[in-house]
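Okay, everyone, thanks for coming. Let me put the structure up, and then I'll talk you through it.

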Amino acid sequence: MLRHTVRALAAALLLSVATQASSEEVLRLRLNGDVNTLDPIATTNFTIRNAAYLMYDTLFALDENYTVQPQMAEGASVSDDGLTYTITLRDGLKFHDGSDVTAQDAVASIKRWGSVDGLGRILFGKMETIEATDDSTLVLTLNEPWGLVLDALGKISSNVPVIMPAEMAAKPASEPIEVPMGSGPYRLLPDEWVPGSIVVLEKFEDYVPRDEPASMAAGGKVAHFDRVELQYIPDTATAINALIAGEIDWIEEVPADMLMFFDGVETAKTIAARQSGNSMQLVVNHLNPPFDNPKVRQALQWAIEQTPFLQAAYGDATDRYLECAAVFFCDTPYASDINTDGVLQRDPDKAKALLEEAGYDGTPVLLMHVTDISTHDIYYSVLKPMLEEAGFNVEVQPADWATVATRRASKEPVADGGWNLFFTGWGFVDQSNPMTNVYVSGDCGDAWFGWACSEELQKLRQEFANAPTDEERRKLAARMQEVTHDLVSYVPVGQAFPSIGIASDLKGYIDGPVPFFWNVHRVN
């Protein structure tokens, strides 16, 4: 009864929103999963990252050439010894409540980001101080020169170093901010936010874009719509029908077997999102049995092969996927085939032998089966029989992505809300760089979900950060890959290049590894 009541209320709210917005320019988006928080520091969930870009801004950002550019910052100067960075905010920055953005807000926000982000932690490990010397100036002092300071502050994927009011940034990153506020081109309307249904933002009239043209995450962020609605539509086919019917304007991913729905359609089209390609992974929890045993993790590697997953998800669309076991993405400067034999080949008998050697007692392996993202749903269906053939006892718990994205933070035993395995996808911009690739940190209890622990990886990453030549960095990256596959912090399941669905009358969509919605406008 309660469920029906909630649905009725949500439906009524949607009708009210539609009626209210009928005379306004509205952009309606369907992301992969529910937006149950708008705090991109408290989670690495890409759905939250994508939504958060509408309402937050950053000090620096990457342009279409992957070059760091000032964004909220007017610029930065570096002392001759390379130890002091002085960053000046540009004029006219306002939070969504009308208050001025100050350097104190920026310092607090960067500290919160640096407490959880992998690259941020490295930066703070090299930092003596970061302080606001006045309302528009922050000064960052290092204990040793490091050439990646602005790269860290300008990273565009999870965790994104967004700027928020200092009082919000004072909250621990482990506690999501319930009613967040930013200074970006759109502001949240909290009273119209219904988790599991809709998030509504409106154009922030006091936002002053930069003068430069929009260029990926950098340049002028011009808001052309009065309102943006993020509508949660769990069923992909329903979402595609809504797009073709003109009821929504954009879908984050169109499965390969549904591309045919757009044949002969004039109202919508698909675009191959090559830059937002994901390296799909099966993430392994090292804390809970049975994967606290290294031999069981190795058995998992031998139980899986990539091709069935990719073919099940993408069929004959071979241009949409790539078999790849490179930790740092294939076709990148740090791509390698070192130590990938056990990752690309499947041998159920070898997996069974390793399980027997490990003394595996049939402990159930919990799969958190995501049902509201089509590709994930397919992958779980392929995975279960593979594991069972290799001798694993498998337990499946269906859930939506928002639930899984929350539960994966639990370090508790499975019976108390913990987990064993889940699928996720990290993009090119995250995985290709050893400084941002979460699987090579080896940070134990401070590592990303799964909490893989390796003192050697920690040491290699520090050496990479300080390496003076590309040749040395390539050698270190190759060793990181070797150690990571031995550790089995995850099992790679290939690279995929999704297609987005977009209304035919939308122009100005920015091609990039993250979906950005400034510059997008409607052409009648």
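Predicted model: local features only at pLDDT ≥ 70, side-chain atom pairs only at ≥ 80, totals over all residues.

You'll find arginine 407 in helix α13, which covers residues 401–407. What does arginine 407 touch, not counting residues up to four places away in sequence? The list is Leu366, Met368, Gln397, Val414, Gly417, Gly418 and Trp419.

Pick out glycine 417 from that list. Arginine 407 and glycine 417 are 10 residues apart in sequence, and their C-alpha atoms are 7.0 Å apart in space. The side chain of arginine 407 has a polar atom 3.0 Å from the backbone oxygen of glycine 417.

Okay, zooming out to the whole chain. We've got 16 helices and 21 strands. If you want a box around the C-alpha atoms, it's roughly 65 × 60 × 40 Å along the principal axes.

How much of the chain counts as buried? That's 57% of the 524 residues. And if you take contacts with a separation of 6 or more, 71% of them are between residues 24 or more positions apart.

The chain exposes about 20,700 Å², with carbon and sulfur atoms supplying 49% of that.

Last up, charges: there are 38 positive and 75 negative, and their mean positions are 2 Å apart.

Definitions and conventions:
Residues numbered from 1 in each chain as written. Heavy atoms only, no water. Helix = DSSP H or I, 4+ residues; strand = E, 2+ residues; numbered from the N terminus. Buried < 20%, exposed > 50% of the residue type's maximum accessible area, 1.4 Å probe, protein only. Contact = heavy atoms within 4.5 Å. Areas by Shrake-Rupley, 256 points an atom, 1.4 Å probe, with all protein chains shown as cover. Lys, Arg positive; Asp, Glu negative; His and termini not counted. Charge placed at Lys NZ, Arg CZ, Asp CG, Glu CD. Polar contact = N/O pair within 3.5 Å; in protein donor to acceptor, adjacent residues only side chain to side chain.
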